[in-house]
Amino acid sequence: MKHLLATASFLVLGSAAVLAAYLPVKYKPAPIMAAPVFSWTGCYVGVHGGGGVMRDNWTDENGSGGLAGGQIGCNYQDGNWVFGVEGEGWWSGHKARYSDLNSEGFGYTQTTRNKHDFSIAARAGIAFDRTLVYGKAGWVWGKFDLLYTETGRFDLVAVQVPVDSFIQTSSASATLNGLLLGFGIEHALTNNWTVKAEYNYLRFGAKEFAFTTCENGYCAPDGSASFHADKHMFKLGVNYLFNMGKAPVVAKY
């Protein structure tokens, strides 16, 4: 009886083992790790260039010019939101002029030159992975030179004195400050290099400019005038991002 039971058990276990060998084995595949998602967190330095238009109350004309400069800033990303602060400085070739001259060259010319600007602004935007759409607001300082040139003549023919011409100039220079508003788009080409396109509106508040008048080598103070200006600028830039963010890793199963 014992031999019979042992033989039966052996046959059952052997059949089960053979059957299991032919059954498909179920297993859980290992996760496929995707590349890390890009992070905008970090500080950056870069350069930019562009141009724009300017209008001021001294010439009451639209002027234009180029610009070139650099920027430095830092970002912090929280989810899709990116917050930061940025400082910029640029050389400006913006110039506006108004002239009222006759055919003989007598009359006057008024000229405004914007020589350079500096700004500090806060940035906020939404990131779509490697593309950032942002707005900015801050404060700007700009150096302006004003020049008034008058040409004329002394016609003393009645007393047989030759006609004598003269040039008289009045100039003033000062720094204005005001509001900066802007928006732009920035895209990361790699984890460190980004490119951007940006528009800025600058509103410089009014300030009294003290003039100095010069004629025949003699110069003296000559009153003052209130001056203000607006600028619209379009810029293209490149940044190097010192990426310090811990980008999340997406896993697929």
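**Figure 1. Two disulfides in a predicted model.** The structure holds 2 disulfides, a disulfide being a pair of cysteine sulfur atoms within 2.5 Å. Such a link is a covalent bond between the sulfur atoms of two cysteines. Counting bonded cysteines along the chain, the pattern is 1-2, 3-4. The model is predicted, so local features need pLDDT of at least 70, side-chain atom pairs count only at pLDDT 80 or more, and totals for chains, interfaces and linings use all residues. Residues are numbered from 1 along each chain as its sequence is written, and side-chain values use heavy atoms, with hydrogens and water left out.

**Figure 2. The disulfide of Cys43 and Cys74.** The sulfur atoms of Cys43 and Cys74 lie 2.0 Å apart. Their link is right-handed, with 95° about the S-S bond. It connects distant parts of the chain: Cys43 sits in strand β2 (residues 42-56) and Cys74 in strand β3 (residues 62-78), 31 residues apart. Strands here are DSSP runs (E, at least two residues), numbered from the N terminus. Cys43 is partly exposed, with a relative accessible area of 27%. Cys74 is also partly exposed, at 31%. Partly exposed lies between buried (under 20% relative accessible area) and exposed (over 50%), using a 1.4 Å probe and protein chains only.

**Figure 3. The disulfide of Cys214 and Cys219.** Cys214 is joined to Cys219, with 1.9 Å from S to S. This link is right-handed, with 115° about the S-S bond. Cys214 counts as partly exposed at 23% relative accessibility. Cys219 is partly exposed at 42%.

**Figure 4. Glu198 and its surroundings.** Glu198 belongs to strand β8 (residues 193-215). Glu198 is buried, with a relative accessible area of 5%. Its side chain makes a polar contact of 2.5 Å with the side chain of Tyr134. A polar contact is a pair of N or O atoms within 3.5 Å; within protein, one must be able to donate a hydrogen and the other to accept it, and residues adjacent in sequence count only if both atoms are side-chain atoms. Leaving out residues up to four places away in sequence, Glu198 touches several residues, including Glu86, Glu88, Lys136, Phe183 and Met233. Contact means heavy atoms within 4.5 Å.

Figure 5. The mean pLDDT of the protein is 84, and 75% of its residues reach 70 or more. This score, from 0 to 100, is the predictor's confidence in each residue. Where pLDDT is low, the predicted coordinates should not be read in detail.

Note on methods. Helices (H or I, at least four residues) and strands (E, at least two) are DSSP runs, numbered from the N terminus.
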